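This report covers the pockets, the chain interface and the salt bridges of one model. The sequence and structure come next.

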Amino acid sequence: MNISEREPTLDSLPVRLQWCLLHLYILGICGILLAAFFVQFGLGDAPCTLCLLQRCCMILAALGPTWIIATATGTSASPLENLSRGFGISVIASVLGLTISARQILMHIAPGDPGFGIPIFGYHLTTWSFIIFWVILLISGTTLLFSRSLAPTAKSQLGRYSKATLALLGSLIFANVVVVFFTHGAFAPLVQTP
Amino acid sequence: MIECGIFILLLLLFLAIVRQFSMFSIGLFILCLGFIALRFIASIDSVPPISL
């Protein structure tokens, strides 16, 4: 049966909440990326290599929910399979991001070390990054635990909020490409001792 | 250059996911992950300022 011919189904409350959570997840990471831009340009704190790699991992983690939302309009895979794949992407990206941020925290663990960059609300950005990756892991793990009852139902097309969320994420990834290219240049060395 | 390349790959991955190219997306995801991991490993050439 064609996707567009499917009868609209009334989603259960957990499925609707999960659908909202997926959007909030992406919007949250978009907010973090915008905050990173503010720290970089507003406060003049240039990122190091490890900071940029953590930013990459955060984008990669956001692509998990993007997968789930994008494939909700119908693929050969089942909704449960798409949910598992999406959060699988997030879990793997978070573990890598967690490793990178832990490495950067450990580089400044010695007493008297001022840390790298400007502290925001008392913590350095790498510590915030560590906390955020933990939260992403917790959300992903909890959702996978209840995946059978949380898998989104197939939709004929995405709503405007979904499209706007995906467009915002896409724009921020593009902005990162432009910023990294023009601020660090094609071959300019980054701060190598973060 | 590597960081810029990784961000370009991430943008391609985003577009592939949105266009629902499943297998291509999985391949790009593994490629992104590999490049980030390799760049991270390559950055571990400096000794942390802690002497045990």
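## Pockets and interface

Lining the largest pocket are 26 residues, and A:Ile32, A:Ala36, A:Val39, A:Leu125 and A:Thr126 are the nearest to its centre. A pocket here is an open set of points on a 1 Å grid over the protein atoms alone, where a 1.4 Å probe fits, with protein on both sides within 12 Å along at least five of seven lines; lining residues have an atom within 4 Å of a point. The model is predicted: local features need pLDDT of at least 70, side-chain atom pairs count only at pLDDT 80 or more, and totals for chains, interfaces and linings use all residues. Residues are numbered from 1 along each chain as its sequence is written, chains are lettered from A and ligands numbered from 1 in the order in which they are written, and side-chain values use heavy atoms, with hydrogens and water left out.

Three helices of chain A, α1 (13-42), α2 (49-70) and α4 (125-145), each give at least two residues to the lining of the largest pocket. Of these, α1(A) gives the most, six residues. Helices are DSSP runs (H or I, at least four residues), numbered from the N terminus.

The second largest pocket has 13 lining residues, and A:Trp19, A:Cys20, A:His23, A:Tyr161 and A:Ser162 are the closest to its centre. Two or more of its lining residues come from each of α1 and α6 (160-184) of chain A. Here too α1(A) has the largest share, with five residues.

The table gives volumes, taken as the space filled by probe spheres set on grid points joined across faces, edges and corners. Its classes count Ala, Val, Leu, Ile, Met, Phe, Trp, Tyr, Cys and Pro as nonpolar, Asp, Glu, Lys and Arg as charged, and the others, Gly among them, as polar.

| Pocket | Volume | Lining by class |
|---|---|---|
| Largest pocket | about 510 Å³ | 18 nonpolar, six polar, two charged residues |
| Second largest pocket | about 210 Å³ | seven nonpolar, five polar, one charged residues |

Between the chains, 29 residues of chain B are in contact (heavy atoms within 4.5 Å) with 42 residues of chain A. The buried area, meaning accessible area (1.4 Å probe) lost on being put together and summed over both parts, is about 3200 Å², with 81% from carbon and sulfur atoms. B:Phe7, B:Phe14 and B:Phe40 supply 22% of the area that chain B buries against chain A, more than any other three residues. Both α1 (2-18) and α2 (22-43) of chain B supply at least two residues of the side that touches chain A. That side of chain B has 22 nonpolar, five polar and two charged residues.

Over all chains the structure holds two. One of them joins the side chains of A:Arg85 and A:Glu81 (3.3 Å, N to O). A:Arg85 and A:Glu81 lie four residues apart, about one turn, in helix α3 (residues 79-107) of chain A.

Note on methods. Contact means heavy atoms within 4.5 Å. Buried area is the accessible area (1.4 Å probe) that two parts lose on being put together, summed over both. A salt bridge is a side-chain nitrogen of Lys or Arg within 4 Å of a carboxyl oxygen of Asp or Glu.
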